[in-house]
Amino acid sequence: MSQITLKFRDKTIAQQTLRNGTITIGTDPACDISVDTLALRPRHLQLTTVDDVTTLLNLEAEHAVNVNGSKVIECPLQHEDLIEIGKYQIIYQFNKSKSDAPPDPIFRKNENQRSAWLQLMSGKNIGKTVNLKRALNHIGKAGVQMDLIAHRDDGFYLSHLEGPSIPSVNGVDLSETAVMLNNGDSIKIANVVMIFSLS
């Protein structure tokens, strides 16, 4: 069984178990793994798994993808391979042991999952709502202040990626681990207050 771990500047964001088939990675919400970042193109990477072999294909040849420091277009992945796109890292891991347990991916697309949004309660955009339609929803600006709301199978989780301002939920600062959000939670990021809502 193989697995990928997505990281931002060495901080783990999420993990995905790979089963036989193909997954796409990019900024397009239709991708299996959708990441809102300028480093990625709408459909940037494709990972195809057949039994014990996972092959990476760069769908955007003009935009470099590095595997273990070398630019690649297509290559089979080996255990502990490091894929780099901008500030993002994907670590591929392979375990020969078989498991009949169902996968527990973070990025599973499920039409029955609940939708969520943020409503800004302060700042110049007060009243604006932001739909959290991606698996990974970035808040802020890379290199300045960046936080993340990840849509997992069991809910939405807030984590701090970089920047001097530590987000808080209902007045409690985040720790090193991601916090699951509940309907009506009050989030404060860099002096902007927002309310988290679930449909």
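**Sheet, pocket and cavity in a predicted model**

Biologist: In which sense do strand 7 and strand 8 pair?
Modeller: This is a predicted model. Strand 7 covers residues 66-67, and two bridges join strand 7 to strand 8. The sense of this pairing is antiparallel.

Biologist: Which residue in strand 8 stands opposite Val67?
Modeller: Strand 8 runs over residues 70-71. Opposite Val67 stands Ser70.

Biologist: Which are the edge strands of the open sheet of six strands?
Modeller: The strand order in this sheet is 2-1-11-10-7-8, with antiparallel pairing. An edge strand pairs on one side only. That leaves the two ends of the order, strand 2 (11-18) and strand 8 (70-71).

Biologist: Which strand supplies the largest share of the lining of the largest pocket?
Modeller: The largest pocket has a volume of about 600 Å³, and 27 residues line it. Strands that each supply at least two of the lining residues include strand 12 (116-120), strand 14 (136-141) and strand 21 (192-198). The largest share, six residues, comes from strand 14.

Biologist: How many of the residues lining the largest pocket are charged?
Modeller: Among the residues nearest the centre of this pocket are Leu120, Val130 and His138. Of the whole lining, eleven residues are nonpolar and nine are polar. The charged residues number seven.

Biologist: How many residues of the lining of the largest cavity are charged?
Modeller: The structure holds one cavity of 30 Å³ or more, and the largest cavity has a volume of about 90 Å³. Leu6, Ile25, Ile33, Val35 and Ile90 lie nearest its centre. The lining divides into ten nonpolar residues and one polar residue, and the number of charged residues is none.

Biologist: Which strand gives the largest share of the lining of the largest cavity?
Modeller: Eleven residues line this cavity. The largest share, three residues, comes from strand 1.

Biologist: Which element of the chain has the highest mean pLDDT?
Modeller: The lowest mean among the elements, 82, belongs to strand 4 (residues 33-34). The highest, 96, belongs to residues 168-169, which form strand 17.

Note on methods
Residues numbered from 1 in each chain as written. Predicted model: local features only at pLDDT ≥ 70, side-chain atom pairs only at ≥ 80, totals over all residues. Heavy atoms only, no water. Pairing = 2+ DSSP bridges. Helix = DSSP H or I, 4+ residues; strand = E, 2+ residues; numbered from the N terminus. 1 Å grid on protein atoms, 1.4 Å probe; cavity = no way out; pocket = protein on both sides within 12 Å on 5 of 7 lines; lining within 4 Å. Points joined across faces, edges and corners; volume = space filled by probe spheres on them. Nonpolar A, V, L, I, M, F, W, Y, C, P; charged D, E, K, R; others polar. pLDDT = per-residue confidence, 0-100.
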